Amino acid sequence: MNMGGATTDIKLIDENGRRIDGRRPDELRPLKIEAGVLKRADGSAYVEWGENKVLAAVYGPRECHPRHLQNPTRAIVQCNYNMASFSVSDRKKPGPDRRSQEISKIISEALEHVVFTHLFPRTSIDVYIEVLQANAGTRCAGLTAASVALADAGVPMKDMIASCASGKVADTIVLDLRNEEDNYGQADVPLGLVPRTGEIVLLQMDGDLSIEEFKKALTMSTEACYKISEVQKDALRRKYCVAPAEIPANMGDTIPAPPTEGVYEGNPQNDTANNQGGQ
Amino acid sequence: MHGTAAERPQGRANAPDGFVLCHSAGPRSAQEQKMSSMNETEDSKEECSRQDSERELVLPGDFITDGKFKAGSGTFMEDGKIYASTLGIKSMRSNFVNVVPLSGQYIPKVGDQVIGIVMDVGPSNWLVDINSPYPAPMHINEAPWRVDFGDTARFLNVGEAILARIFMVDEVKHVQVSMKEHGLRKIQGGQIVTISHSKVPRVIGRNGSMIQTIKNYTNCRIIVGQNGRIWVDGDAEAVANAVKAIKIIEDEAQSVGLTEKLKEFLEGTQKEKKV
């Protein structure tokens, strides 16, 4: 039984019910968010989610160009999702393609739903999402980062969107798929949630699920979104709670946060990478 | 590094306008432990609110209060409950709840004094950039001079700065500025620095105390526009120091004991002068 025709002999779920990276089916990958990492942007956020690395920057509200796009009654949210050519193992051809256009569109529509656009008629709020490293679930990581960046930019909104995917791998419903699970799995369901009201602002499904399976997946990712929402809030509190006078001089070196520590501590891959460097 | 654990409480007490963000007085290491761990977010939240319940940080969507209060700026009401809409500091005054933003664009308000830069010259008006998403035209009737139709460029040209007042904003944010008031004029000489407009109240200080301190020490003429543009004029060296002082305020607007730190900096510049 398979989704996209891609088959593999990788055992996606082992006898103990553990996944290839050792997670339980309802476990998230390690998530790390840093707010306000870019100086030139009005607001920004950096997200490391498992092996995903995503940077989001927000400009505006600013004058809307081209002029014909501007709405006399409210602001528009323009999102630009872009994958770096080095973000995947085979070099990605740079520039917009069908996939990134689709993701840009759904993310701007999700964000438009929470931002108080009526306060800024005739303007545009520009959100740039740059995927530096991809390992499945970048649209969720992008939307999560974009929400933090919008809050950092001081844009008024109902709530910060949290986003997470779930899906079906080897006939099991799992949370937050990684690359192999996405490629050789049976279904992938990304979800964008407004945590305070429980509204769904993004929901897609790639693959097939029965109604029961779908409900289970949705419950799983909804719960995960509440956890993600806390990490988002924590990132902003960290940036704004600490009085700048308290931050040691070398603090600048650690922003963005070092990538490997705390994420995969003691991962043999890291060791081999270090050894190769030494040889 | 100033502000060791022993000095800090004192510094806070001395801060005149008390624009103190909720901030943990705990040791640095405690802060670091908090980084990015999911289950510890509750701790940081509690710590913040306990430290400074008056100056509590709120995030978009945070519940503030229900009943009795009216939703002011930076908040919204849903099902009789008031939530924060922007990231900022919660403030409850009489029967209003406001959130004082910590970032964001300048949105023009009628009566604001702003520093604008002429972007374009038309036959009967000038288009002025007021550091906001909305450009502000100024009609010749609103200029302090008698200007004939088509003669606008003789009075103000592209790139020149003016001190103006917002005299009209309509519901679709069409803005108009005016210079027809005592004290409003074309700005000549000096230097303009731009800061985030949300830091403007901090630069001015309570009853203008902060800006007065800079003026006293540097002997500069300073005008602060509500849109985050600040004009500084005077002796070249003094201007440089005043600009540095303003940057210090902008960078550390949230920190404790800022007034002391600023005075220390300004004292330092004066000593250098004598040597």
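I take two strands to pair if DSSP finds at least two bridges between them, and I take helices (H or I, at least four residues) and strands (E, at least two) as DSSP runs, numbered from the N terminus.

**Entry 1: ground rules.** I noted that this is a predicted model, in which local features need pLDDT of at least 70, side-chain atom pairs count only at pLDDT 80 or more, and totals for chains, interfaces and linings use all residues. Residues are numbered from 1 along each chain as its sequence is written, while chains are lettered from A and ligands numbered from 1 in the order in which they are written.

**Entry 2: the two chains.** I looked up the elements of chain A and found 5 helices and 10 strands, and for chain B I found 7 helices and 16 strands. For burial I used C-beta atoms placed from the backbone, calling a residue buried if 20 or more other C-beta atoms lie within 10 Å of its own, exposed if 12 or fewer, and partly exposed in between. On that count, 48% of the 279 residues in chain A are buried, and in chain B 37% of the 275 residues are. I then turned to contacts, where two residues qualify if their C-beta atoms, placed from the backbone, lie within 7 Å. In chain A, 71% of the contacts between residues at least 6 apart in sequence join residues at least 24 apart; in chain B, residues 24 or more positions apart account for 59% of the contacts with a separation of 6 or more.

**Entry 3: strand β8 of chain A.** I asked how many of the residues of strand β8 (residues 187–194) of chain A are buried. I found that 8 of the 8 are, so the strand is largely enclosed by the rest of the structure. In a regular strand the side chains alternate between the two faces of the sheet.

Strand β6 (residues 162–169) of chain A runs antiparallel to β8(A) and is joined to it by 7 bridges, with A:Ala162 standing opposite A:Leu193. Strand β9 (residues 199–203) of chain A pairs with β8(A) in the antiparallel sense over 4 bridges, and here the bridge partner of A:Leu193 is A:Ile200. β8(A) and β9(A) form a hairpin with 4 residues between them, and A:Gly198 in the turn has a positive phi of about 80°. Strand β10 (residues 206–207) of chain A is joined to β8(A) by 2 bridges, again antiparallel, and A:Asp206 stands opposite A:Asp188.

**Entry 4: helix α2 of chain A and its neighbours.** Helix α1 (residues 98–114) and helix α2 (residues 138–152), both of chain A, pack at an angle of about 40° with their axes 11 Å apart. That makes α1(A) oblique to α2(A), given that angles under 35 degrees count as roughly parallel, over 145 as roughly antiparallel, 65 to 115 as roughly perpendicular and the rest as oblique. The contact is made by A:Ile103, A:Ile107, A:Ala110 and A:Leu111 of α1(A) and by A:Arg139, A:Gly142, A:Leu143, A:Ala146 and A:Leu150 of α2(A).

On the other pairing, the axes of α2(A) and helix α4 (residues 211–241) of chain A come within 10 Å and cross at roughly 35°. Here A:Thr144, A:Ser147, A:Val148, A:Ala151 and A:Asp152 in α2(A) meet A:Ile228, A:Gln232, A:Ala235 and A:Leu236 in α4(A).

**Entry 5: A:Ala136.** Leaving aside residues up to four places away in sequence, A:Ala136 touches A:Leu177, A:Arg178, A:Asn179 and A:Asp182.

**Entry 6: a sheet in chain B.** I found an open sheet of 4 strands in the order β1-β6-β7-β3 (chain B), with mixed pairing. Its edge strands are β1 (57–58) and β3 (70–71) of chain B, each pairing on one side only. β1(B) pairs with strand β6 (residues 88–93) of chain B in the antiparallel sense over 2 bridges, and B:Leu57 stands opposite B:Ile89.

Definitions and conventions
Axes fitted to C-alpha atoms, helices over the stretch in contact; angles between N-to-C directions.
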